[in-house]
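Subject: The structure for you to look at

Hi,

Here is the structure I promised to send over.

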Amino acid sequence: MSGKIYGYIRVSTREQHEDRQRLSLDEFGVSGDCVFMDKLSGKNFDRPGWKRLMGLLRTDDLLVVKSIDRLGRNYEEMIEQWRIITKTKQADIFVIDTPILDTRGRRDLMGTLVADLVLVVMSYFAESERELNHQRQAEGIAAAMIKGVKFGRPAKQPPDDFFRLHRQWKKGGVSARCAARKLGVSCNTFLKWARR
């Protein structure tokens, strides 16, 4: 292979860790300075790491990813990015978790056909799995709510001074904004407490 080898890592949130993907790229032999990463949702391709990578990727380069869903969040995105990389940029792709998705040395009609067919199937399954995970998550949240589980931050409790300031506010002795400032909270928070 005459081109450079690049790697791409994407994790959906800042809390998720890229260790598993990074380790796989290291084991493949991708140099650390050729690995691009985004810690963002895959909802679209407005990702800085991806854009830098696409700006550098040239004919005969190789892009290595841990799994096919790193290329996109849904079937259409994965297929479109695959097409841009392999057809427009004429670079190669290797998917570590699915070694049959390896375009190196397979530029003939049969190699292209096999890789494209496998890509279509794998992209479909990746999107289906993502949708199934969302469904399971929604069902789990609904079941937890039925059991009385509360989600989100616990409601902020009013400090002791609130009740004195609340009485003054009700009598017109102090404005809601002034009472809130004395309590160190927003006016909306003060009014929310007052409505309880």
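This is a predicted model: local features need pLDDT of at least 70, side-chain atom pairs count only at pLDDT 80 or more; totals for chains, interfaces and linings use all residues.

Numbering starts from 1 along each chain as its sequence is written, and side-chain values use heavy atoms, with hydrogens and water left out.

The protein chain has seven helices and four strands (DSSP runs numbered from the N terminus: H or I of at least four residues for helices, E of at least two for strands). From the N terminus, they come in the order β-α-β-α-β-α-β-α-α-α-α. Of the 196 residues, 37% are buried, meaning under 20% relative accessible area, while exposed is over 50% and partly exposed lies in between (1.4 Å probe, protein chains only).

Now for helix α1, residues 19-28. Its buried residues are Q21, S24 and L25. They sit on the same side of α1 because they cover an arc of only 95 degrees around the axis, taken from the directions from the helix axis to the C-beta atoms. D19, R20 and E27 are exposed on the other side of α1.

What do the buried residues of α1 pack against? They pack against β1 (5-11), β2 (35-39) and β3 (62-65), with contact meaning heavy atoms within 4.5 Å. After α1 comes G29, with a positive phi near 105 degrees.

Cheers
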